[in-house]
Amino acid sequence: MVFWTGYVSDEMMGTFAPIVIYWIYGGMYQLLPSSNRYRLHTLKEEEQKNLVRMPTVVKGVLLQQLVQATVARLLFLVSGSSRELDQLVQPSVPVQLLQIFMAMIVMDTWQYFVHRHMHHNKFLYRHVHSQHHRLVVPYAIGALYNHPLEGLLLDTFGGAISFLISGMTAQTAVFFFCFAVIKTVDDHCGLWHPGNIFHFFFQNNSAYHDIHHQLQGTKYNYSQPFFSVWDRVLGTYMPYRLVPRTDGGYETRPLKC
């Protein structure tokens, strides 16, 4: 039993909890004191290099989340009605963890190949994916700033396919989707905080993804949001090192051009 049982359905939580978590977790990063000690880019770089203003970013994210919520409701409706006859029982915790791990692999695979194709197809990059790269210096609440078509193909369909292939219930999906959102926001936060637990468990992190947003890294480090396996297997991994800046913070320097 989970804390929302009896108040909100699992399907409703699976639809709206990730959206709420996005703004809470992303907002937390945005409201942190502007300390240059942990930034991967200076505030001046953020102002000068980014090609879109924050109000436009917020509107773009809200549009994607509207589409995401609509697809999620339809997905839960269809999958729920097809499973009703089985009198669905929540699996054991180990089984749920295995399903979440499987969903992570599926999502990583889907997003790697769609993301990579959007960089190599000139039409798709120019008219679709380049919108995300207007944020040359990423920040937390801009994690889902995408062209609506990209948001549908990359994130929304990626989540739906992960849910269906893993066989998880709507209740398990609440935890998986919320975790995926937190990880995506963290990868775009533009900060390198000491003690960040994601840096211990995932090589695919804020510095890893920062390389991808740099000009020399746009054809590398496509993997997101969990592992870096596909980049390493298919030769699109760009190693880097973190160099402390004299004025505070860090700089991610690619080791391969």
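Mentor: A residue is called buried under 20% relative accessible area, exposed over 50%, and partly exposed in between (1.4 Å probe, protein chains only). What you see is a predicted model, in which local features need pLDDT of at least 70, side-chain atom pairs count only at pLDDT 80 or more, and totals for chains, interfaces and linings use all residues. Residues are numbered from 1 along each chain as its sequence is written, and side-chain values use heavy atoms, with hydrogens and water left out.

Trainee: Where is Val 8 found, and is Val 8 buried or partly exposed?

Mentor: Val 8 lies in the segment before helix H1 (10-31), where a helix is a DSSP run of H or I with at least four residues, numbered from the N terminus. Val 8 counts as partly exposed because its relative accessible area is 33%.

Trainee: How should I read Thr 184, and what does Thr 184 touch?

Mentor: Thr 184 sits in helix H7 (residues 170-187), and it counts as buried because its relative accessibility is 17%. Leaving aside residues up to four places away in sequence, Thr 184 touches Ala 143, Leu 144 and Pro 225, contact being heavy atoms within 4.5 Å.

Key: Helices (H or I, at least four residues) and strands (E, at least two) are DSSP runs, numbered from the N terminus.
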